Amino acid sequence: MRTTVGIIGAGPAGLLLARLLHNAGIDSVVLESRDRGYVEQRQRAGILEQGTADVLRAAGAGERLDREGLRHDGIELRYDRRRHRVDFPALTGGRSVTVYAQTEVCKDLIALQLKEGGPLLFEAEALAVEGADTDHPRVRFRHDGREDVLDCAYVVGCDGFWGIARTAIPAELTRVFERTYPFGWLGILADVPPSHDELVYARHDRGFALLSMRSPSVSRLYLQVPEGTDAEAWSDDEIWAELERRFETDDDWTLERGPITQKSVTPMRSYVHEPMRHGRLFLAGDAAHIVPPTGAKGLNLAVGDVVTFARALVHQRETGSAELLDAYSRTCLRRVWQAERFSYDMTTLLHRVPGATPFEERLQMARLERIASSRAAETDLAEGYTGFPFG
Ligand code: FAD
Ligand code: DHB
């Protein structure tokens, strides 16, 4: 098999890249190790930055997003039983975010790809990228019980944190920056209308809690839990009782309970792999970097990477110049590090860190007070949340 761009992974990064290339008249093949149902049901991100929603629309994947996505003009910070709303458009010159689940983004892009795009092979597992530093990189993969080779002009590893693309970059050329956190998030989906019309990020002495949503009738909620927690160790009643405690306010706000349809635990990690390119192999999305979910940045970073790659390849086609491809890693990493910083700040602002000293806890409250009382501090949060510019 032969193609211009071999794409490993059909998460948001790989699927959007295939669409952007198709729209630019560049052919690609997408290899995805899982089946379609798995990719379409995997519960993950929920928040699209304004720039991400704009890219999806421009790519022709905005129809259902515009119909079903929920525009959000702010979030609430909750601490010390008090509530503070951050108004995004007022602080950022009109920017907002959209609540539209990653599962739905993937469904829309898969449908478009199967209807109009190049091959998208499910249950096709990439085994290795070979010849990354030659003019003829290849992906060895297994599909239908057979091993095959995809010959490419470029390979883009969009295969997530556990993928194999990264391993084709020699260790002596690589630097990894990493931080793990001694807690995770227990996430639930519940068939109950969200108890607030915007997201609520709550700092509590018992730990962080987040109220989000998937639609006007489905709530998505998260609880900070110790690292290594088993989701099944929490009964539904225990989850609701803990959420109620952490969201409690001095006014008459209440949390509506409903049937829990899914629960799982996500570990928290910050991770950056530098560089994001080696020869004709490019890394995009979680394959190159992970952020803790507190800032809702992971999916949005993946989108920024593939937009940068597609632009660079189109530039090379149109002008013959590889300058943007050569700058790919540098361009992406500038935005990646801003998102790493923002996600780290949001995580340490809102979580209860085991072993934190009373001094550090007072500082955490002072940071929250600063955001609630200074337009400059609040603007910094709003700019970070609604998104840093691509490239
Ligand atoms: P992935 O979505 O991980 O896709 C990689 C794909 O590659 C997968 O389909 C995988 O099956 C496939 N693959 C792996 N290995 C191979 C192989 N060898 N061969 C072929 N295919 C392979 N981000 C946000 O922006 N906003 C949020 O609100 C948010 N909330 C989150 C909440 C949770 C609970 C979690 C877990 C994550 C959240 N994120 C959020 C992060 C976001 O989900 C990820 O950053 C995003 O999925 C990255 O997309 P990706 O395409 O790079 O990788
Ligand atoms: C969701 C996830 C996040 O990490 C976040 O910061 C906001 C919302 C969600 O899944 O809805």
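A residue is called buried here if 20 or more other C-beta atoms lie within 10 Å of its own. By that criterion, helix α6 buries Val105, Cys106, Asp108, Leu109, Ile110 and Gln113. The structure is a predicted model.

**Overall architecture**

The protein chain contains 12 helices and 20 strands. Its C-alpha trace extends over about 65 × 40 × 40 Å along the principal axes. For 391 residues, a compact globule would have a radius of gyration near 21 Å, and the protein chain agrees because its own value is 21 Å. Of these 391 residues, 45% count as buried. Among contacts in the protein chain with a separation of 6 or more, 73% join residues 24 or more positions apart.

An unreviewed UniProt entry lists residues 2-343 as "domain: FAD-binding". In the model, this span is 31% helix and 33% strand, and its end C-alpha atoms lie 39 Å apart.

Helix α6 covers residues 102-116. Its buried residues are covered by elements that include α1, α2 (36-41), α3 (50-58), α4 (63-68) and β8 (120-121). From first C-alpha to last, α6 reaches 21 Å, close to the 21 Å expected for its 15 residues at 1.5 Å a residue.

Helix α8 has 22 residues, which should span 32 Å at 1.5 Å a residue; the helix agrees with this expectation because its end C-alpha atoms are 32 Å apart. Just after α8, Gly320 adopts a positive phi of about 80°.

**Surroundings of the two ligands**

The shell around ligand 1 holds 35 residues, of which Gly9, Gly11, Gly160, Gly285 and Gly298 come nearest. At least two shell residues are supplied by each of α1 (12-23), β9 (124-130) and α8 (298-319). Helix α8 provides the largest share, four residues.

Ligand 2 is surrounded by Ala45, Gly46, Ile47, Leu199, Leu210, Ser212, Arg220, Pro293, Thr294 and Ala296. The two shells divide by residue class as follows.

| Shell | Nonpolar | Polar | Charged |
|---|---|---|---|
| Ligand 2 | six residues | three residues | one residue |

**Two partly exposed residues**

Thr249 lies in the loop between α7 (236-247) and β17 (260-274). This residue counts as partly exposed because it has 15 C-beta neighbours inside 10 Å, and the partly exposed class falls between the exposed limit of 12 or fewer and the buried limit of 20 or more. Not counting residues up to four places away in sequence, Thr249 touches Arg78, Arg81 and Arg83. The C-alpha atoms of Thr249 and Tyr79 are separated by 8.5 Å, although the two residues are 170 residues apart along the chain.

Tyr181 belongs to strand β13, residues 175-190. Leaving aside neighbours within four places in sequence, Tyr181 is in contact with Met268, Pro292 and Thr347. Tyr181 and Ser270 are 89 residues apart along the chain, and their C-alpha atoms are separated by 8.4 Å.

Terms used:
Residues numbered from 1 in each chain as written. Chains lettered and ligands numbered in written order. Predicted model: local features only at pLDDT ≥ 70, side-chain atom pairs only at ≥ 80, totals over all residues. UniProt positions renumbered as here; feature names shortened; annotations may be inferred. Rg over C-alpha atoms; globule rule 2.2 N^0.38 Å. Contact = placed C-beta atoms within 7 Å. Near = placed C-beta within 6 Å. Expected span 1.5 Å × (residues − 1). Nonpolar A, V, L, I, M, F, W, Y, C, P; charged D, E, K, R; others polar.
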